[in-house]
Amino acid sequence: MTRQLCPPAVLALALAAATAMPAASETAPTEVVFADGAVEVSLSGTPGNPEEGVKVMTTAALGNCVACHQIAALPDVQFPGDIGPALDGAADRWTEAELRGIVTNAKMTFEGSFMPAFYKTEGFVRPGDGYTGKAPEAALPPILTAQQIEDVVAYLLTLKE
């Protein structure tokens, strides 16, 4: 009798299911608890990595924070934005929990903010399917993962005056 390996399609489905589901210690976007805009508990259960946070903040397909914010500690960023506040000294202005809340969903702290909610999956006004002009066929994923939020917060905590 010979053993049959899993077909590639089964492996692909298993991988997709594993990556779409939050990790056991990860807080799902719909379960995040805000207290006056702050999120006290880590979303991933794993400490953030500041170096990864820089990647998220400077990558257009991820957070792209530098499109709106200036950061003196990142002088090589081309065309930094100035429609959001400079992030220099962010760690002196806000606590870790406040920074986590702002990155997760800034509207919980600053009601009129145009900053996107980076860890939200529902409550959108007219969400679309990419640039097709059509409604999405499935639930929308958050812009960033729980760990990416923690990585950005870890980097922001390094920004002191």
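1. Which residues does Thr 104 touch, not counting residues up to four places away in sequence? Taking contact as heavy atoms within 4.5 Å, Thr 104 touches Val 32, Phe 34, Leu 43, Ala 117, Phe 118, Tyr 119 and Ile 149.

2. On the basis of the note: this is a predicted model, in which local features need pLDDT of at least 70 and side-chain atom pairs count only at pLDDT 80 or more, while totals for chains, interfaces and linings use all residues. Residues are numbered from 1 along each chain as its sequence is written, and side-chain values use heavy atoms, with hydrogens and water left out.

3. Thr 104 is found in helix H4, residues 96-105, and is buried, with a relative accessible area of 1% (buried means under 20%, with a 1.4 Å probe and protein chains only). A polar atom of the Thr 104 side chain lies 2.6 Å from the backbone oxygen of Arg 100.

4. In helix H2 (residues 50-58), the buried residues are Gly 53, Val 56 and Met 57. They cover an arc of only 95° around the axis (taken from the directions from the helix axis to the C-beta atoms), which puts them on the same side of H2. These buried residues pack against helix H5 (146-156).

5. The axes of H2 and H5, lines fitted to C-alpha atoms over the stretch in contact, with angles running from 0 to 180 degrees between N-to-C directions, come within 7 Å and cross at roughly 105°. That makes H2 roughly perpendicular to H5, a term covering 65 to 115 degrees.

Key
Buried means under 20% relative accessible area, exposed over 50%, partly exposed in between (1.4 Å probe, protein chains only). Helices (H or I, at least four residues) and strands (E, at least two) are DSSP runs, numbered from the N terminus. A polar contact is a pair of N or O atoms within 3.5 Å; within protein, one must be able to donate a hydrogen and the other to accept it, and residues adjacent in sequence count only if both atoms are side-chain atoms. Angles under 35 degrees count as roughly parallel, over 145 as roughly antiparallel, 65 to 115 as roughly perpendicular and the rest as oblique.
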